[in-house]
Amino acid sequence: MKRFTLLLVISCTLTLTIGGQITSQAQDSGPVVDILGKPDSSSNPPNVQAYVSVVDPTTGRAIDNLTNDNFSIQVSEEDTSATVSLETIGVAVIMVIDRGGIASRGDKRIGQAVDLADSLLDMLNVDGTDGTDMVALIGIRGREEGGLTPTVSFTDYDPNAVRNEFNTLRTEEVREVTPLYDGIDKAIEWLTDNPDDQIQTKLAHRRPIIVVFSDGIDKNYSDEARRIDIIDKCTDNDILLYSIRMGGGTTDTYNMEIMAERTNGLHVVHTNDNDAEASNLFENIVTQRQSYRVTFSLLEPKGSYPVNIRVLDAPGDGADEMTVSSRLQLPEITLTSPADGASYTVSYSQTMEAFLPETIPLSVEITPVDGVPRDPEEVSYFYNGVLIGKSTSAPTFDLTWDVSTIFTPTEQPQEQKYALIATANDVYLGERIESDPVTIQGTWEAKTHTTQDQALLWLSANWWLLLILAVMALGMLILLVLLVRTRGEVARKVVARTTGVLKGVTMRLGAAPQKAPGKLVVIQGANMGKEFRLSAQVVKVGRDPQFCDFALYDEYASNPHFSVQLDQTQFFVTDEGSTNGTRLNGTPMPPRQRMLLQPDAIIEVGQTRLQFKRLGGTTRQLGTTSGATPAFGTPTPPPTPPPGQAYTHPPTQPAAPPGQAQQPPQPVPGQQGGATKQVPPPFER
C-alpha cells in the first residue's frame, strides 16, 4: 500500500511537472495576439480598423517594435494588404482584493496588498484624455457580511474614487471565508457586459486586465468547474488575468496559478521583504496601453467574413481570429438625361447637303444603396446595344451624343426608336451595374435642293477657281507696284542729272543762301555707282527698301544700318545698332553715336562701300602724289578724263565676296526684311 501511494505521488508530480513545462513551452512559442473588441467596419467602409494587442507572455510586456512586415491578414482565407500603426489605446484594469485570510487583526498583508494596488494605480494614466486608462475596484468579504465590498465602477478620469476606498480596506477587520471566484466573475461581467452603455463603449478597444490580490482560494469555495468557467470566459473575451499571491497562509494557490497561466497572464508571489517582482509586473502591464491599429479593405458583398490576423517573428508567431461585417451593396445607376419618351428631329441643310448637327445630352445619377459614397471610374452609354461613348466626368458623367451622323441623307424622311442604357463597374465589388432603359424617338428630314443651293454648292466645289483668280489679281497688283517704283527710280535719275546741270548756274547777288546738300555714292558692292541725294534732315540707309530711304541690297547690312543727319550746314553719320557694325574711313564706329562726315569720307557697310560727297562746295586741288595706293577707308579720286570728255562711272556690277561667284542683289526674307548675315572677311585692298 505504501508502495502504491509512493507511485501515485511520483505520477502526480511528473504530471504537474510535464504539464507545467508544456504550458511554459506553449507560452514561449510566440506572443499573445488579441483583437481587442469588434473590428470597426462601419466608420470608413470599405476600410476595416482592428486594434491588435501583442504581448510577451513571459513578462506581460507589450511588444511595440513591429512593422507592416510582421503582420499577415487573411479575409476568408484570402491574403489582403494592410497598414499598421502603433497607438495608445489604454488599458482597462480591475483590481480584485480578496480580503479573507489577509485582513485579520494584526495581519499586515492587507496593508501590503493595498499598497501594491495603490502603486499600480499611480502607474495608470487616468485623466480623461484620449487613450486614457480605465480602472475599477472590487473588494471581497464573506457572503453573509456583504459579499463584494467595497466596489468602485470603472472610471477614466477620477483615480481618487478608487483611492478613497483604500483606507476602508486597510482598517476593517475580516475574519470570514471569502468567495474569490465571485469577485473574479463580477470583474469579467464589468468588462464584457457592463450595465453602463457609455462605459461599455469606452471599453470597446482597451486591453482588459484583471489583477487579483489574494493569499489563495479557500477550500470551501474551491470549485474546479467554476475555475474552468472563469478561464473560458477570460480566453473568449481576451481578458488577461494576473494574480499576486500574498505570502503565508494555508489556502490553495494552485488554482490561482492555473487561472493566470491559462488566461495568458502571470502569477507572482509577494513576500514581506520583496516588492520588486510585483512592481516589475505592474510596469509591464501598463505598457499594454499601446496596441496596433491594423487597417485593411473588406471588398466583399454584404455579410459576415472571418478575418485572421497573424503576427510573425515577434519573436515567434501568434494569431487571433474575428468575424467582421461588410455592408457593401451594388450602387444603382439611373439615366437622368434624356427623358424617357423624348423626341428629336434632325434637320437637313441644303447648303451643306448634310444633316445639321443635333446633339442629345446624356447623364446619370449614382445612388449608393449601402450608404457608402463612391463613383465608378467611367460610365458607358449604349443605344440598341451599340456603344455611344464613355465618360469619366463624375459625378453625373455627362456626354454629348451627335445623332446627325447615324443616317445618310435620303429623299425620304427616316424615323427610328432607340433604347438607351448606361453601365459601369462598381469600384469596390468589381461587378457591373446597369440602368433601366430609356426610349427616345428620332426623325431625320428628307434631302431637298434649290437653284440657289446648287449655285452655292457649285461655288463650294470649285473654290479652287476663285483661289486662282485671287492669286492672279494679287500678282497683277504686285506688278503694278513694281512698275510704279521703277518709273520713280528713273524719274529720280533724271532729276539728279538736271540738278547737276542747274547747280552750275550762278546765283544772283543777294539771293538767300541754301543749305549745303550732299549725296552718297556706292563705290563698291551691289548697285555700284548708284547715288542718293541727302535732301532730308535724316536719311536711313540699310538693306531693304521697305525699311530704309536708301537700300543697299546687301545681305550683311541691317534694317536700318546707319543714318545720315543734316544739322545746319554739316552732315553727321550714326550707326543704328547694326549687327555687323559700320566703319568710317576704316575706323569702327561706336553704335548710336553720331560722327561728323567730312567730304569724300568712306562709309563701309557689310560688302558695300559708300563715299560721301558735298554738293556746291569749294573745288578741291588735285593731289600731287601719284602712284600710291590709298589705304582702306581713304577715298580714291576718280581718274582724270582726257580734255574735252566727261567722266563716266564704270559699269554697275556688284562686288562678290572673296571666293564666291557674283550674285544679283536679293532681299533676304524674315524679320525686318530677313536676318542680317555675319560680316564676311574684310575687303581686298
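What follows is a set of questions and answers on this predicted model.

Q: How do you know which residues and features are meant?
A: Residues are numbered from 1 along each chain as its sequence is written, and side-chain values use heavy atoms, with hydrogens and water left out. This is a predicted model, in which local features need pLDDT of at least 70 and side-chain atom pairs count only at pLDDT 80 or more, while totals for chains, interfaces and linings use all residues.

Q: Why is Q112 called buried?
A: Buried means under 20% relative accessible area, exposed over 50%, and partly exposed in between (1.4 Å probe, protein chains only). Q112 has a relative accessible area of 17%, so Q112 is buried. Of the 685 residues in the protein chain, 41% are buried.

Q: What is Q112 in contact with, leaving aside neighbours within four places in sequence?
A: Contact means heavy atoms within 4.5 Å. Q112, which lies in helix α2, is in contact with M246, H270 and N272.

Q: Why does C548 count as buried?
A: The relative accessibility of C548 is 11%, and therefore C548 counts as buried. C234 is buried too, because its relative accessible area is 0%.

Q: How many disulfides does the rule give?
A: A disulfide is a pair of cysteine sulfur atoms within 2.5 Å. The count by this rule is zero.

Q: What makes a set of residues a nonpolar core?
A: The members are buried Ala, Val, Leu, Ile, Met, Phe, Trp, Tyr and Cys residues, joined through side-chain atoms within 4.5 Å. The largest such core has 38 residues, and those touching the most other members are M95, F166, V211, F213, I244 and F282. Elements giving two or more residues to this core include β7 (91-98), β8 (134-140) and α9 (276-286). Its largest share, seven residues, comes from α2. Another core, of 28 residues, lies apart from it, with I140, F154, I184 and M259 among its members.

Q: Which residues of helix α8 are buried, and what covers them?
A: In α8 (residues 254-262) the buried residues are N255, M256, I258, M259 and A260. Their cover includes α5 (180-192), β10 (207-214), α7 (224-236), β11 (240-246) and β12 (267-270). Just after α8, N264 takes a positive phi of about 65°.

Q: How do you know that strand β1 and strand β2 pair?
A: Two strands pair if DSSP finds at least two bridges between them. Strand β1 (residues 32-40) and strand β2 (residues 47-56) have six bridges in the antiparallel sense, so by that definition they pair. D34 has S53 in β2 as its bridge partner, and a hairpin of six residues joins β1 to β2.

Q: What makes β30 and β35 edge strands?
A: Each of them, β30 (550-551) and β35 (595-596), pairs on one side only. They belong to an open sheet of five strands in the order β30-β29-β31-β32-β35, with mixed pairing. Within it, strand β29 (residues 538-542) and strand β31 (residues 562-567) run antiparallel and are joined by four bridges.
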